[in-house]
Amino acid sequence: MSSNPNIYPVTKFHFSVDWGGECVSFQEVTGLEMTRETVEYRGGNDTGFVKQCIPGMKSFGELTLKRGTFAGDNDFFTWWNGDTNTEKDGLPERRTLTINMKNTKKVVMTWTVSQAFPIKVTSTDLNAESNEIAIETLVLKHEGIVVSAPA
């Protein structure tokens, strides 16, 4: 049995996302995944009939952020399009994102996403017969995730 004093697992519905010093509210964050490739190897002088499995390069999933559409708030599109302050030679600005999962009192886990940049922005679908909130989606590529938990 674990010596962890927490009785229940943490819920996933209370979180915050900070991108470049601005805390933004999102409905959903997906793609916090890390994968390590493997390389199989067998030397010609090995006497066994087993290949060695060697750890290879790391890769990270695309991060998808979804939020409600607010009148006059074009942050996703501004980042996508860039402006004279952030875009360099036609390349989008890269940002560090900090995603904090919280319980009612404090941060319990943090994902720090490095060198993120937008690869896809999707506006809400429009339907005159629907009674739903307008949701916009931002998909990001990045160069790494560091997971930490406060002491």
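1. Tryptophan 19 has glutamate 22 in β2 as its bridge partner. The two strands involved, β1 and strand β2 (residues 22-24), pair in the antiparallel sense over 3 bridges; strands count as paired if DSSP finds at least two bridges between them. β1 and β2 form a hairpin with 2 residues between them, and glycine 20 in the turn has a positive phi of about 70 degrees. Strands (E, at least two residues) and helices (H or I, at least four) are DSSP runs, numbered from the N terminus.

2. On provenance: this is a predicted model, in which local features need pLDDT of at least 70 and side-chain atom pairs count only at pLDDT 80 or more, while totals for chains, interfaces and linings use all residues. Residues are numbered from 1 along each chain as its sequence is written, and side-chain values use heavy atoms, with hydrogens and water left out.

3. Overall make-up. The protein has 1 helix and 10 strands, in the order β-β-β-β-β-β-α-β-β-β-β along the sequence. Its radius of gyration is 21 Å, whereas a compact globule of 151 residues would have one near 15 Å; the value is taken over C-alpha atoms, and the globule rule is 2.2 Å times the number of residues to the power 0.38. Along the principal axes, the C-alpha atoms fill a box of roughly 70 × 50 × 35 Å.

4. Of the 151 residues, 24% are buried, where buried means under 20% relative accessible area, exposed over 50%, and partly exposed in between (1.4 Å probe, protein chains only). Among contacts with a separation of 6 or more, 63% join residues 24 or more positions apart; a contact means heavy atoms within 4.5 Å.

5. Strand β1 (residues 15-19) also pairs with β7, in the antiparallel sense over 5 bridges. Within this pairing, aspartate 18 stands opposite threonine 98 in β7. Threonine 96 lies in strand β7 (residues 95-102) and counts as partly exposed because its relative accessibility is 42%. Leaving aside residues up to four places away in sequence, threonine 96 touches Asp18, Trp19, Gly20, Thr112, Val113 and Ser114.

6. Salt bridges. A salt bridge here is a side-chain nitrogen of Lys or Arg within 4 Å of a carboxyl oxygen of Asp or Glu, and the count comes to 4. One of them joins arginine 67 and glutamate 136 (2.9 Å, N to O). Arginine 67 lies in strand β6 and glutamate 136 in strand β9 (residues 135-141), so the pair ties together parts that are 69 residues apart in sequence. Both ends are buried: arginine 67 at 3% relative accessibility and glutamate 136 at 2%. Other residues that arginine 67 touches include Phe26, Asp73 and Phe76.

7. Another salt bridge joins glutamate 40 and lysine 51 (3.5 Å, N to O). Glutamate 40 is in strand β4 and lysine 51 in the loop between β4 and β5 (52-60), so this pair links parts 11 residues apart in sequence. Glutamate 40 is exposed at 55% relative accessible area, as is lysine 51 at 53%.

8. Glutamate 93 and arginine 95 also form a salt bridge (3.1 Å, N to O). Glutamate 93 is partly exposed, at 24%, whereas arginine 95 counts as buried, at 18%.
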